[in-house]
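Please keep the sequence and the model open while reading.

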Amino acid sequence: MDGPVSPRGGSVVSLPATLTLAYHAREPHPRDVPLEAVYLDLETQPGPGRPHVILNMVQTLDGAVAIDGKAWHIGSEVDHYLFRTLRGWADAVLCGAGTLRQNDIVAITHPHLQAARAAAGRPANPAAFVVSGRAEFSDEVLRKRFFAHRESASVVITTELSRSADRRRVEEAGAEGWVVPADASGEVDLEATLGLLADRGFGRVLAEGGPVTNRRLVEARVLDELFLTVSPQVAGVSTRPGVLAGILGGGQVGLALISEFQYRDPALREWYFRFAVVR
Ligand SMILES: NC(=O)c1ccc[n+]([C@@H]2O[C@H](COP(=O)([O-])OP(=O)(O)OC[C@H]3O[C@@H](n4cnc5c(N)ncnc54)[C@H](OP(=O)(O)O)[C@@H]3O)[C@@H](O)[C@H]2O)c1
C-alpha cells in the first residue's frame with residue numbers, strides 16, 4: 001500500500017545507516033547490517049509451477065493493521081524503506097481490492113534498485129496485481145494512481161462472475177483486466193492465478209495484504225514467507241481480522257523465524273521479522 005511521503009504519526013525519524021540483526025537462523029548474529037543490504041538478496045526458490053510468494057505486513061503492538069483505515073502511518077520511514085527493498089526483489093505485487101479502495105497501490109522500488117533491475121533486463125518496477133471478485137470500483141478509486149500511473153503495469157484479476165460493465169470501467173481507467181477461473185465458492189482461484197503468473201514469468205510474488213486476502217492465500221496453501229514489521233504503538237482500535245488472525249489458531253500454518261532485525265533509535269524502536277511458513 002502507498003501513501004504520502006510524510007513523517008510517521010508525529011515522530012520524524014531519519015533513516016539509520018544500519019539495522020541490528022538480532023537473530024538469523026543461518027547467519028552470524030548479533031551484528032549491524034547496512035540498511036541498503038537488509039532484505040537485498042533474498043535466496044528464494046519458486047516451487048514447481050508456481051511463484052515464491054512472500055507476504056509483507058506492518059502492525060502495531062496491539063495487532064492493528066490500519067489506523068483510520070490506513071496502514072501507511074503505522075510503520076516508520078525505515079519500514080517504508082524496507083518494503084520498497086522487497087519490491088525490488090519482486091516481479092509482481094499482489095493486493096486485495098479492499099486495500100486499493102482504502103489506500104492506493106503504486107508498486108515502486110528504490111531508484112538504485114530500479115537501475116539494477118533494468119541492467120539485469122527486468123522491468124524497473126514490479127507489476128501490481130489487485131484481486132477482486134466484484135471488480136467494482138467507485139469513480140474516486142478509478143482515479144487513483146494504481147490506474148493512472150505508468151511506472152509499472154497495473155492489473156485487476158477477477159472472474160467471469162464480475163459484471164462485464166465493471167471490467168470495462170477498469171480497463172478504461174488504465175488497468176489491464178485478467179479473467180481467471182473461479183474456485184468452488186465463486187472466488188478468484190488463487191492457486192490457478194499463481195500458476196498463471198508463473199507461466200508468464202512472474203516467479204517472485206510479494207503480497208501486501210490486506211488481512212482478507214492474506215487469509216485466502218493461507219487457505220490456498222500458497223504462502224511461503226511472512227515479513228512482519230511490529231511498531232511499538234498501541235492503536236487502541238480493533239481492526240479484525242489482523243495479519244493472520246484466526247488462521248494460526250486454526251492450526252493451518254506455523255511460522256519458523258528466519259531473521260529478526262531491530263531499529264534501535266533512542267526515539268523509536270521497531271522490529272522486522274522474517275518467518276518461513278510451515279505447513
Ligand atoms: N498493515 C498492513 O501492512 C496492511 C497492508 C494492506 C492493507 N492493510 C489495511 O487492510 C485494510 C483492507 O484489508 P481487507 O482485509 O479489508 O481487504 P483486502 O484483503 O485488501 O481486500 C479484500 C477484497 O479483496 C478481494 N479478494 C481477495 N481475495 C479474493 C479472492 N480469492 N477472490 C475474489 N476476491 C478476492 C475481494 O474484493 P471484492 O470485494 O472486490 O470482490 C475482497 O473483498 C485496509 O484498512 C488497509 O489499510 C494493512
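The ligand is surrounded by 31 residues, and the closest are Gly96, Gly98, Gly133, Gly209 and Gly210. A residue counts as near if its C-beta atom, placed from the backbone, lies within 6 Å of the molecule. This is a predicted model: local features need pLDDT of at least 70, side-chain atom pairs count only at pLDDT 80 or more, and totals for chains, interfaces and linings use all residues. Residues are numbered from 1 along each chain as its sequence is written.

These elements give two or more residues to the shell. Helices (H or I, at least four residues) and strands (E, at least two) are DSSP runs, numbered from the N terminus.

| Element | Residues |
|---|---|
| strand 3 | 52–60 |
| strand 4 | 92–96 |
| helix 2 | 97–102 |
| helix 8 | 211–219 |

Buried means 20 or more other C-beta atoms within 10 Å of a residue's own.

Helix 8 buries Pro211, Thr213, Asn214, Leu217 and Val218. They line one face of the helix, because they fall within an arc of 155 degrees seen down its axis. The arc is that of the directions from the helix axis to the C-beta atoms. These buried residues pack against strand 3, strand 4, strand 5 (127–131), helix 7 (190–199) and strand 8 (204–207); contact means C-beta atoms within 7 Å. Arg221 follows helix 8, with a positive phi near 60 degrees.

Conventions
A residue is buried if 20 or more other C-beta atoms lie within 10 Å of its own, exposed if 12 or fewer, and partly exposed in between; C-beta atoms are placed from the backbone. Two residues are in contact if their C-beta atoms, placed from the backbone, lie within 7 Å.
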